[in-house]
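Here is a report on the structure shown below. It goes from whole chain to single residues.

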2 protein chains.
Amino acid sequence: MSQDLPRVVIVGAGFGGLRAARSLARLPVRVTVIDRRNYHLFQPLLYQVATAGLEPESIAHPVRAILRRQQNTEFRLAEVRAIDFIARRLETSSGELPYDYLILAMGSTTNYFGLESVMRNGFGMKSLEQAVAIRNQVLRQFELAIQDSDPEVRRARLTFAVVGGGPTGVEMSGMLSELTLVVLAKDYSQLDLDDVRVILLEATDRLLTDFPKRLQLATSAELRRKHVEVRFDAKVTHFDGEKVQLEGGESIPTRTVIWAAGARAAPLADRLRLAQDRLGRIRVAETLQLPENERVFVIGDVADVPAAAYPLPMMAPVAIQQAEVAARNIARLLQNRPLERFAYRDPGSLATIGRGSAVARLGRFHFHGFLAWVLWLVVHLVQLIGFRNRLLVLVNWAWDYLFYERAVRLISTDDRDAGPGSSPG
Amino acid sequence: MSQDLPRVVIVGAGFGGLRAARSLARLPVRVTVIDRRNYHLFQPLLYQVATAGLEPESIAHPVRAILRRQQNTEFRLAEVRAIDFIARRLETSSGELPYDYLILAMGSTTNYFGLESVMRNGFGMKSLEQAVAIRNQVLRQFELAIQDSDPEVRRARLTFAVVGGGPTGVEMSGMLSELTLVVLAKDYSQLDLDDVRVILLEATDRLLTDFPKRLQLATSAELRRKHVEVRFDAKVTHFDGEKVQLEGGESIPTRTVIWAAGARAAPLADRLRLAQDRLGRIRVAETLQLPENERVFVIGDVADVPAAAYPLPMMAPVAIQQAEVAARNIARLLQNRPLERFAYRDPGSLATIGRGSAVARLGRFHFHGFLAWVLWLVVHLVQLIGFRNRLLVLVNWAWDYLFYERAVRLISTDDRDAGPGSSPG
């Protein structure tokens with residue numbers, strides 16, 4: 001590829017960044033995708049890793065393998081530290097990188113809403129490492145519970161609180177209940193199942209705000225059938241690692257708080273001195289450009305598009321649609337044609353509640369149950385990058401479904417030494 | 001199960017410990033298996049994880065799942081800190097544990113032969129974490145090499161030294177050469193393949209000492225055909241993280257030294273104040289009991305059995321055979337019958353050299369090539385615990401074999417936070 005072609009730099013290899021790269025494949029540009037991880041993460045299945053249903057490797061795919069056949073595109077593993085919009089240059093952990101056009105697609109991070117104690121003692125749900133950390137934590141609490149003679153401590157270890165009644169919190173609490181009450185119950189038959197509690201704490205009076213009322217009710221009914229304690233108007237104020245405090249004074253003894261209550265723009269957005277909304281997202285024009293800089297596009301979780309009638313959800317479909325508009329607009333800029341405005345076409349929503357149960361909102365069609373679950377499975381399998389990953393995921397799911405089993409029940413440790421030297425505590 | 005039955009405690013859930021537990025299933029005893037990990041590790045395939053051929057989860061299986069159906073056996077996740085042989089009691093990280101009979105089967109750790117610098121800067125090959133660390137290191141060096149403008153540094157980053165010409169070193173160097181020259185070459189097409197070197201450093205004048213001369217020669221020829229630089233009489237004396245020093249003064253610039261040159265008994269063996277050999281293994285009688293204590297058996301990598309004509313290799317078949325003898329001898333003690341003496345029946349050896357190639361020594365039969373590789377594959381698949389794991393491993397292998405691909409090329413990081421805050425350095 002020619003060195004004279006304009007260079008498009010894409011920050012982030014998530015759904016938005018990769019779709020943007022793909023959409024630029026046939027344009028007369030050189031593309032560089034930069035990310036601090038060497039893999040694309042299929043975030044919608046992260047909760048499956050956290051509940052020992054899938055191996056971490058099944059939902060991650062090397063960026064180089066995805067982009068390999070795209071002649072005009074290269075990948076760089078590095079962290080972006082700053083951006084000089086005047087000189088049109090990124091400062092990265094591996095040197096400077098000039099650009100002619102820039103697409104910011106670095107996604108989101110956990111939003112703890114200023115709750116320091118939860119950030120320190122709880123578990124986020126945004127990265128592969130966090131998902132594995134949750135898996136380790138849940139299994140370790142079972143191992144410690146079985147060795148503990150104090151019934152209060154044992155009950156606290158076997159209590160798992162999930163915070164946030166959005167799709168992640170619903171999926172997480174449903175699967176966690178299955179993992180603990182169905183699968184782990186077989187491994188820890190000495191434990192009293194009445195001691196095991198999965199609690200879903202939602203600050204408002206409803207789950208899945210994005211779904212119609214009927215499906216919200218069906219979801220909480222289904223979760224309760226799966227022995228999840230669904231608590232509404234339960235606002236977490238503090239978690240010291242031993243008990244979680246709710247507004248109003250109640251406290252619940254638990255060692256495990258999984259925070260699925262919100263996301264905000266990735267920290268890089270805060271360092272660029274651009275106008276942001278209250279979730280840290282960068283304000284853009286309807287063309288997805290910075291108002292003051294036509295060469296810079298912002299898409300996905302990190303973009304705040306003003307024209308939308310309601311704030312857009314931080315979800316893959318939004319990022320993917322915006323990526324396509326941004327790529328087309330770069331083509332139009334190169335051709336001096338007027339730019340396209342972004343308008344979101346809502347494809348609907350799906351959320352699983354556990355084994356064989358999901359809710360679906362597809363245009364006029366709202367339904368729940370097994371059919372929704374099959375639809376969810378097909379949609380996610382098709383989207384999952386790489387045929388091999390699809391196959392492995394399917395094997396895992398079929399296995400779980402047939403044998404009520406979870407194969408990935410490993411507690412991984414960090415130490416590099418092989419000898420029995422470190423504590424499992 | 002009755003509380004009055006004698007209690008057998010097994011330390012370690014490796015090949016020896018689990019076989020011992022299984023052999024005690026029908027005896028009138030209560031069995032407790034104790035390990036600091038909650039999973040059994042299929043060590044013979046560790047090098048596949050290190051070379052991105054298999055997911056870590058494919059070669060590890062939860063101990064509780066393995067032992068679940070065995071009525072008289074329980075598992076305890078804990079670290080053994082000391083043993084009081086007089087009071088017949090283990091001190092563990094989760095309290096005391098009394099025993100009537102004890103089987104020590106805690107396996108081995110890396111033997112650096114006192115080379116502090118290699119221990120600090122090199123990579124061992126005994127645990128799942130170490131294997132993942134090697135995978136991360138190799139991939140990261142490629143990512144850094146592609147960004148480095150200094151040709152000397154680039155070459156050093158792309159030089160990988162494997163130390164030790166035993167089965168692990170041979171398998172590791174063969175697979176590493178395939179990973180780097182065949183698979184990664186596709187992902188990093190801008191790199192000059194001549195810069196990539198895999199070097200196997202062997203201190204003596206031969207590989208695979210356990211095999212006949214003809215197969216040793218075939219192995220080094222095959223490794224060289226796969227572009228591994230096989231170096232004999234190359235004794236490592238120092239590694240500072242930038243270059244590895246050999247006896248005689250030569251030094252090779254590299255960032256990656258993988259140490260497969262030896263094993264020694266797990267550290268717990270050193271803390272028991274028992275007679276040990278130079279590899280830290282505990283001296284036992286031919287009945288596998290401690291000479292001074294008929295209630296304590298020692299098996300596998302941590303046992304030094306005097307009667308053997310040559311020192312027994314630290315390999316699964318030895319541990320498994322000894323486990324069966326130890327279990328039978330506990331039965332005989334309970335019945336006041338004379339004890340059995342251990343005699344090793346050598347089942348032969350297999351080692352892969354890479355894609356479609358292996359060496360086999362089975363009694364009088366010595367052969368190498370594709371047939372040996374198929375045999376190796378079948379033997380390892382059959383031994384691998386759990387049908388699901390077998391299936392996943394087979395999918396991975398078939399995939400690699402058909403597409404010269406490695407699916408697990410992820411650089412995993414330790415940080416728990418999701419945001420792009422830490423360096424990929």
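## Burial and overall build

A residue counts as buried if 20 or more other C-beta atoms lie within 10 Å of its own C-beta atom, with C-beta atoms placed from the backbone. By that test, 53% of the 425 residues of chain A are buried. The model is predicted.

The secondary structure of chain A amounts to eleven helices and 25 strands. Its radius of gyration is 23 Å, close to the 22 Å that the globule rule gives for 425 residues, so chain A is as compact as a globular protein of that length. Along the principal axes, the C-alpha atoms of chain A fill a box of roughly 70 × 55 × 40 Å. Take the contacts in chain A between residues at least 6 apart in sequence: 64% of them join residues at least 24 apart.

## Domains of chain A

Chain A is divided into two parts: domain 1 covers 7-36 + 78-110 + 263-334, and domain 2 covers 116-261. The centres of domain 1 and domain 2 of chain A, taken over C-alpha atoms, are separated by 35 Å.

Helix H1 of chain A spans residues 15-23. Seven of its nine residues are buried, so H1(A) is largely enclosed by the rest of the structure. The buried residues of H1(A) are A:Phe15, A:Gly16, A:Gly17, A:Leu18, A:Arg19, A:Ala20 and A:Ala21.

## The parallel sheet of chain A

Four strands of chain A form an open sheet with parallel pairing, in the order S13-S12-S11-S17. Strands S13 (228-231) and S17 (256-259) of chain A are the edge strands, and each pairs on one side only. From one strand to the next, the twist averages 20°.

Strand S12 (residues 197-201) of chain A pairs with S13(A) in the parallel sense, over four bridges. A:Ile199 has its bridge partner in S13(A): A:Glu229. A helix covers these strands. Helix H7 (residues 167-187) of chain A lies across S11, S12, S13 and S17 of chain A. H7(A) runs at about 165° to S11(A), which spans 159-163.

## The antiparallel sheet of chain A

A second open sheet has three strands of chain A in the order S14-S15-S16, with antiparallel pairing. Strand S14 (236-239) and strand S16 (251-253) of chain A stand at the edges; each has a single partner strand, so one side of each is left without a neighbour in the sheet. Neighbouring strands here are turned by 20° against each other on average, direction ignored.

S14(A) and S15(A) pair in the antiparallel sense over three bridges. A:Val236 has A:Leu246 of S15(A) as its bridge partner. The hairpin of S14(A) and S15(A) has three residues between the strands, and A:Gly241 takes a positive phi near 95° there. Strand S15 (residues 243-246) of chain A also pairs with S16(A), antiparallel and over three bridges. There, A:Gln245 has A:Ser251 of S16(A) as its bridge partner.

## A β-α-β unit in chain B

In chain B, S12(B), helix H8 (residues 213-225) and S13(B) make a right-handed β-α-β unit. Strand S12 (residues 197-201) of chain B pairs with S13(B) in the parallel sense over four bridges. B:Val228 in S13(B) is the bridge partner of B:Val198.

In a regular strand, side chains alternate between the two faces of the sheet.

## Two buried residues in chain B

B:Ser173 sits in helix H7 (residues 167-187) of chain B. It counts as buried, with 33 C-beta neighbours inside 10 Å. Beyond its neighbours within four places in sequence, B:Ser173 is in contact with B:Val162, B:Val198, B:Leu200, B:Leu223 and B:Val228. B:Ser173 and B:Glu222 are 49 residues apart in sequence, and their C-alpha atoms are 11 Å apart in space.

B:Ala263 lies in strand S18 (residues 263-265) of chain B. With 25 other C-beta atoms within 10 Å, B:Ala263 is buried. Not counting residues up to four places away in sequence, B:Ala263 touches B:Ser108, B:Thr109, B:Thr110, B:Asn111, B:Asp301 and B:Met314. B:Ala263 and B:Met125 are 138 residues apart in sequence and 9.7 Å apart in space, C-alpha to C-alpha.

Key: Residues are numbered from 1 along each chain as its sequence is written. Chains are lettered from A and ligands numbered from 1 in the order in which they are written. This is a predicted model: local features need pLDDT of at least 70, side-chain atom pairs count only at pLDDT 80 or more; totals for chains, interfaces and linings use all residues. Two strands pair if DSSP finds at least two bridges between them. Axes are lines fitted to C-alpha atoms, for helices over the stretch in contact, and angles run from 0 to 180 degrees between N-to-C directions. A residue is buried if 20 or more other C-beta atoms lie within 10 Å of its own, exposed if 12 or fewer, and partly exposed in between; C-beta atoms are placed from the backbone. Two residues are in contact if their C-beta atoms, placed from the backbone, lie within 7 Å. Domain bounds come from an automatic or database domain assignment. The radius of gyration is taken over C-alpha atoms; the globule rule is 2.2 Å times the number of residues to the power 0.38. A crossover is right-handed if, with the strands pointing away from the viewer, the path from the first strand over the helix to the second runs clockwise.
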